[in-house]
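Please keep the sequence and the structure in view while reading.

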Protein chains: 2
Amino acid sequence: MAEKITPRNQDYSRWYTDLILQAQLADYSPVRGCMVLRPYGFALWENLKNALDRRFKATGHENAYFPLFIPMSFIQKEAQHVEGFSPELAVVTHGGGKELEEPLVVRPTSETIIGEMYSQWIQSYRDLPVLINQWGNVVRWELRTRPFLRTMEFLWQEGHTAHATHEEAEAETRQMLEVYADCAINEAAIPVIPGRKSESEKFAGADTSYSIEAMMGDRRALQSATSHSLGQNFAKAFDIKYLDRNNELQYCWTTSWGLSWRMVGAIIMVHGDDQGLVLPPRLAPIQVVAVPIYKTDEERGGVMGAIEKVEAALGESVRLKVDDRDEYSPGWKFNEWELRGVPLRIEVGPRDVAKEQVVLARRNRPGREGKTFVPLSGLASAVTDALTVIQNEMLQTAIEFRDANTYHPTDYESFKEAVSKGFALTWWCGEIACEDKVKEETKATTRCIPFDQPGGTGECIVCSGVAEEVAIFARAY
Amino acid sequence: MAEKITPRNQDYSRWYTDLILQAQLADYSPVRGCMVLRPYGFALWENLKNALDRRFKATGHENAYFPLFIPMSFIQKEAQHVEGFSPELAVVTHGGGKELEEPLVVRPTSETIIGEMYSQWIQSYRDLPVLINQWGNVVRWELRTRPFLRTMEFLWQEGHTAHATHEEAEAETRQMLEVYADCAINEAAIPVIPGRKSESEKFAGADTSYSIEAMMGDRRALQSATSHSLGQNFAKAFDIKYLDRNNELQYCWTTSWGLSWRMVGAIIMVHGDDQGLVLPPRLAPIQVVAVPIYKTDEERGGVMGAIEKVEAALGESVRLKVDDRDEYSPGWKFNEWELRGVPLRIEVGPRDVAKEQVVLARRNRPGREGKTFVPLSGLASAVTDALTVIQNEMLQTAIEFRDANTYHPTDYESFKEAVSKGFALTWWCGEIACEDKVKEETKATTRCIPFDQPGGTGECIVCSGVAEEVAIFARAY
């Protein structure tokens, strides 16, 4: 708390890690590239996890757990998959003091081992669809890491489903992307753009990959979750077959979809400011902090009495923390809870006690603008309303920021300028050569081809060839 | 479902794995010693997890997450710890295609890496106590494995706390053992015995270990959770110090405590019978299954109408499944849900429709004894009451079974007979030599020295020396 946060316009990347460390969301660990998720960060992740898990169950999915270790030979069964993941593997070669006959890979993702089990569990069309999700940890040997965004080990969920037809698998893939978008927008207040990944950006082993893309505070893109239609690629590699209604053996169609603690990084970067975190009320570990203000012992009695009334009024309806520590001043506490992003602060001083009121201060509107006086009698509904208003305003602010920094260039020069300062939404012919040129010259990549398309055709922003779709180009994390 | 379950008296161990596989709690995996937790087993684990997590939070603990990998040098810092865990380690030697400079151990438990972080986080007495829990996976290279009871990788929680004084650490250790006992007794209906482990049975690195011990259906013991008072052993190994109120540096006192999916194995073995699982209502993934009984289409209409009334009456108050599959007969369904241990079955046939009633059949009392007729009008409270009765009866039955198979031998010959057929609760002098003799001659070990002691002294059952405490001896999993 004594340290200062680097301002965003001075060093955005430094600001980001300052916030994480000082707000005690996470810490570096003694293992290179691995992060420790501290209780405050875990509670945020837990709220996000619960919000997602509810949606998974509501759409008919069940949780299960598959082994951490995968035989090396499994990874090698699907050609694109092994090519994509081989450079990133952590390998166990010794167990119980002996060298293993076959090395075990620490799962980078679980399509292969789950595929193997599905081939045993699925016999007939009656066994389909299989709709399973796993919450767990995975390891990818990354060289350049950054807390939440890219860590060697990370927490995530991975859904794996098997279906009788291509259409069902495709519908599942799109449904889960919608679940992610719904959760991002309505829980995290992050206005994501759902769309299809380009061929060069899709998952290793997928027919089609979809993603939700968000704009961070530095106007760069963050792929926030993905959903993959895996065709029959893994079904063929792992022999996942079913007897159809005509008693004929068919390969299944499978999907996978994942969201990781990277979304916590998105929450930090989309909403945070130079004072610290700004957490969306629906996910904030502490939604409301109450700070008593007094100088004398006499004042203290009255103020603490009012704080008790606040606690009684709010009950279990919100996640409330009363900061009654004597060793810190109110101003110090205000700073601390602003740094930690608590959406709403309740201040109670002697004058408020006299007037039977409290002050509500909204984190997303610093200063006078965000302050209101509320009578103690109507506190519960005033607090609930304020949290709803904050949640909505945060989403609205993020939408406005994204839209103000999304450009629609019509020539390559203005395109290059656009991707240097935000998103470029523009026609693209779909050729990898054009993606490669853009990447080389601007470091921007295609983020997704949004579902929301203008229709008709246009001129590819790079080669001027015929383009049937618009794509988002941006520099990305 | 077509397969038969091996009866317990024929082959208990085979009965156990038959149940797990046929009830689809878990499955073997292609990785030696690793198990797949299937959706039904995961849902049971998830209910247990939630019951524990609530209790952890109510006692002031927060969740966090620490790295899966631990540098080999960390494991070696605490002398007893390295001695205990070295033979069981899985070691990552390669990452990203290169050999690592220092091998990484896949955590067998996290005292060391968490100790390292605590040494950074804790500065003064104001930072204490630190009360953190982690839900996650750990790996121990076991040679002989058995689903749930002993698997190479397992899911568990591990609590790690740091305190200013020995007394506080000791109180925490005992409190968490009480939390485990409360959860075992009141959620899992397993009458565990809390006590202290002997010196030879304690955790590698602990000053004192406590455990809860349960009697399985074959009268063997299962250590169901442990809580350890670690003294200053890890604090000294990892330099976890705090400035006390007199501004002097002191080592912290730490604890750790864990419960794993092994508890699911206990639920299977304590309550299961030759028909299958019997799950305690509080943890059962499905608490009530409703099975419609009809032959003609006309009957079907009336019965399904009544089933809809059942669904409406029960609402969200219980975890209900309606088994309306047309391709299976009611008898087949009865068997399936008995195998899967659903505590309460609702049967609705044409005669019940006419009488505006349903049949309740209790899983823990097979046959006529467990059947009652209940009017549709009072269904909700009848079902809630029945679930409470079942939960209580299951605990009572387990207590009676345990007590009937617990002996109080007073000479070594009857002691040997006692441990061949159940628990022996008897005087022990505390010497390892006596434990060793018993182990060699009977395969039984001291399970714990129960908190509940008769007082006074007695004669050690082995050496006839003076004994100040009674201990439980039994053959254990």
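## A loop residue and its surroundings

Leaving aside residues up to four places away in sequence, Asp244(A) touches Tyr125(A), Ala164(A) and Gln250(A), where two residues are in contact if their C-beta atoms, placed from the backbone, lie within 7 Å. Asp244(A) is found in the loop between β12 (241-243) and β13 (249-251) of chain A; helices (H or I, at least four residues) and strands (E, at least two) are DSSP runs, numbered from the N terminus. Because 14 other C-beta atoms lie within 10 Å, Asp244(A) is partly exposed, a class that falls between buried (20 or more other C-beta atoms within 10 Å of the residue's own) and exposed (12 or fewer), with C-beta atoms placed from the backbone. Asp244(A) and Ser124(A), although 120 residues apart in sequence, are 6.2 Å apart in space, C-alpha to C-alpha.

## Basis of the model

Residues are numbered from 1 along each chain as its sequence is written, while chains are lettered from A and ligands numbered from 1 in the order in which they are written. Since this is a predicted model, local features need pLDDT of at least 70 and side-chain atom pairs count only at pLDDT 80 or more, whereas totals for chains, interfaces and linings use all residues.

Six strands, in the order β4(A)-β6(A)-β5(A)-β5(B)-β6(B)-β4(B), form an open sheet with antiparallel pairing; two strands pair if DSSP finds at least two bridges between them. Its edges are β4 (69-71) of chain A and β4 (69-71) of chain B, each of which pairs on one side only. From one strand to the next the twist averages 45 degrees, with axes taken as lines fitted to C-alpha atoms (for helices over the stretch in contact) and angles running from 0 to 180 degrees between N-to-C directions.

β5(A) and β5(B) pair in the antiparallel sense over five bridges, and Gly95(A) has Ala90(B) in β5(B) as its bridge partner. Within chain B, four bridges join the antiparallel strands β5 (residues 90-95) and β6 (residues 98-106), with Val92(B) standing opposite Leu104(B) in β6(B). Between the chains, 42 residues of chain A are in contact with 42 residues of chain B, and strand β5 (residues 90-95) of chain A gives the most to chain A's side, with six residues.

## Helices and the nonpolar interior

The axes of helix α9 (residues 297-314) and helix α12 (residues 379-404) of chain A come within 8 Å and cross at roughly 70 degrees. α9(A) is therefore roughly perpendicular to α12(A) (under 35 degrees counts as roughly parallel, over 145 as roughly antiparallel, 65 to 115 as roughly perpendicular and the rest as oblique). Val310(A), Ala313(A) and Leu314(A) in α9(A) meet Leu379(A), Ala380(A) and Val383(A) in α12(A).

In chain B, helix α8 (residues 262-271) is mostly covered, with ten of its ten residues buried; among the elements that cover these residues are α1 (12-22), α2 (39-58) and α12 (379-404) of chain B. The largest nonpolar core has 296 residues, and those with the most contacts inside it include Tyr180(A), Val348(A) and Val348(B); such a core is a set of buried Ala, Val, Leu, Ile, Met, Phe, Trp, Tyr and Cys residues joined through C-beta atoms within 7 Å.
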